Amino acid sequence: MARGRAIRHEHALLRFPLGQEHRETPSKFTLSIDIGGTGIKMLVLDPNGKPVNERLRWLTPQPASPRPVLDVIIQMLATMPRFDRVSVGFPGVVSHGVVHTAPNLDKDSWPGFEVGQELERATRVPVRVINDADLQGYGVIEGRGVELVLTLGTGLGAALFVNGHLVPNLELGHHPFKKGKTYEERVCDAEFRRLGKKEWSERVGEMLDQLAPIFNYDVLHLGGGNAEHVKVALPPNVHLFDNVDGMTGGIRLWDDL
Ligand code: BGC
């Protein structure tokens with residue numbers, strides 16, 4: 001595949017009907033990378049989307065500007081089994097391989113950065129980049145009805161799927177919620193640490209009570225590093241998932257849906 005092509009067509013997956021785009025052969029191994037505000041995670045998926053190695057996690061360098069983040073990724077790559085292509089979940093708005101926002105990284109240094117192209121240069125394989133919650137969602141959705149995905153980590157990620165089709169870059173975390181604060185400001189990791197499990201969990205419960213009658217989803221998939229700390233009772237249509245499950249979404253970026 002020609003350099004850059006994969007990046008330019010990242011959302012062609014969503015725009016082109018089946019058959020109009022080149023289909024990837026299904027025999028490839030995919031490196032799935034999750035860039036987070038606190039940790040950078042990666043693992044390799046076999047052609048069926050099953051992890052072939054244990055997830056590796058290194059701390060995100062601070063300040064998390066593009067070069068140091070790429071340097072960490074490149075060092076981590078050296079420990080990975082063979083892969084033929086790379087899928088990246090980025091913690092901000094990404095469109096056509098270009099970063100628009102990165103609220104939980106060194107935010108002013110990312111807009112305009114062609115993260116996918118830089119990684120193609122480093123790995124010499126095709127790279128596709130989407131929002132981190134979108135990628136995680138691909139790993140856990142059932143593909144039927146309305147599915148909302150929320151990730152509780154450094155920030156609050158959100159992804160919306162309708163019959164398996166993604167509505168990209170849903171930035172719900174930055175919507176005003178309560179007491180002059182956004183959803184993200186109320187349930188982010190910094191608040192989890194400040195408030196402790198009980199009070200923070202109640203806030204997560206309030207957020208879900210607010211969102212359920214707005215999105216009317218069939219299923220809510222709740223993940224991210226802090227999902228395991230949610231202590232309030234959750235409705236039966238809430239499905240908890242872990243980061244490794246989410247990262248298997250890396251394989252779906254190469255399906256021409
Ligand atoms: C960003 C989202 C991202 C989320 C989780 C938010 O601050 O705006 O794009 O998905 O953090 O990383």
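**Entry 1. Ligand site**

I began at the ligand and found a polar side-chain atom of Glu 171 at 2.4 Å from one of its oxygen atoms. I note at once that the model is predicted, and every value below is computed from it. I then looked up His 174, where a polar side-chain atom lies 2.7 Å from an oxygen atom of the ligand. For Glu 184, I read a separation of 2.6 Å between an N or O atom of the side chain and a ligand oxygen atom. I next checked how far the ligand is covered: alone it would expose 310 Å², and the protein buries 95% of that area.

I listed the surroundings of the ligand as well. Besides Glu 171, His 174 and Glu 184, they comprise Pro 91, Gly 92, Pro 103, Asn 104, Asn 131, Asp 132, Leu 156 and Gly 157.

**Entry 2. The sheet containing E1**

I traced an open sheet of 5 strands and recorded its order as E3-E2-E1-E4-E7, with mixed pairing. I identified its edges as E3, residues 56-59, and E7, residues 127-131, each of which pairs on one side only. For the twist, I noted an average of 20 degrees from one strand to the next.

I then examined the pairing of E1 with E4. E1 spans residues 30-35 and E4 spans residues 85-90; the two are parallel and share 5 bridges. Within this pair, I found Asp 34 opposite Gly 89 of E4.

Which strands does helix H4 touch? I found H4, residues 115-123, packed on the sheet with contacts to E4 and E7, its direction making about 145 degrees with that of E7. I also followed helix H5, residues 132-140, which packs on this sheet and touches E1, E4 and E7. I read the angle between the directions of H5 and E7 as about 100 degrees.

**Entry 3. The sheet containing E8**

I recorded another open sheet of 5 strands, also with mixed pairing, in the order E10-E9-E8-E13-E14. Its edge strands are E10 (165-167) and E14 (238-240), and each pairs on one side only. I noted a twist averaging 25 degrees between one strand and the next.

I found Leu 166 in E10 as the bridge partner of Phe 161.

**Entry 4. H3 against H4**

I returned to H4 to examine its packing with H3, residues 66-77. At what angle do H3 and H4 pack, and how far apart are their axes? I read an angle of about 35 degrees, with the axes 11 Å apart. I recorded the crossing of H3 and H4 as right-handed. From H3, I listed Arg 67, Leu 70, Ile 73, Ile 74 and Leu 77 as making the contact; from H4, I listed Glu 118, Leu 119, Ala 122 and Thr 123.

**Entry 5. Backbone details**

I checked the peptide bond from Gln 62 to Pro 63 and found it cis, with omega near -5 degrees. I placed Pro 63 in the loop between E3 and H3.

Finally, I looked up His 96. This residue is not a glycine, yet its phi is positive, at about 50 degrees. I located His 96 in the loop between E5 (94-95) and E6 (98-99).

Technical notes
Residues are numbered from 1 along each chain as its sequence is written. This is a predicted model: local features need pLDDT of at least 70, side-chain atom pairs count only at pLDDT 80 or more; totals for chains, interfaces and linings use all residues. Side-chain values use heavy atoms; hydrogens and water are left out. Two strands pair if DSSP finds at least two bridges between them. Helices (H or I, at least four residues) and strands (E, at least two) are DSSP runs, numbered from the N terminus. Axes are lines fitted to C-alpha atoms, for helices over the stretch in contact, and angles run from 0 to 180 degrees between N-to-C directions. Contact means heavy atoms within 4.5 Å. A residue is near a molecule or strand if one of its heavy atoms lies within 4 Å of it. A polar contact is a pair of N or O atoms within 3.5 Å; within protein, one must be able to donate a hydrogen and the other to accept it, and residues adjacent in sequence count only if both atoms are side-chain atoms. Accessible areas come from the Shrake-Rupley method with a 1.4 Å probe; for residues, only the protein chains shown count as cover. A crossing is left-handed if the near helix is turned anticlockwise from the far one by less than a right angle, and right-handed if clockwise.
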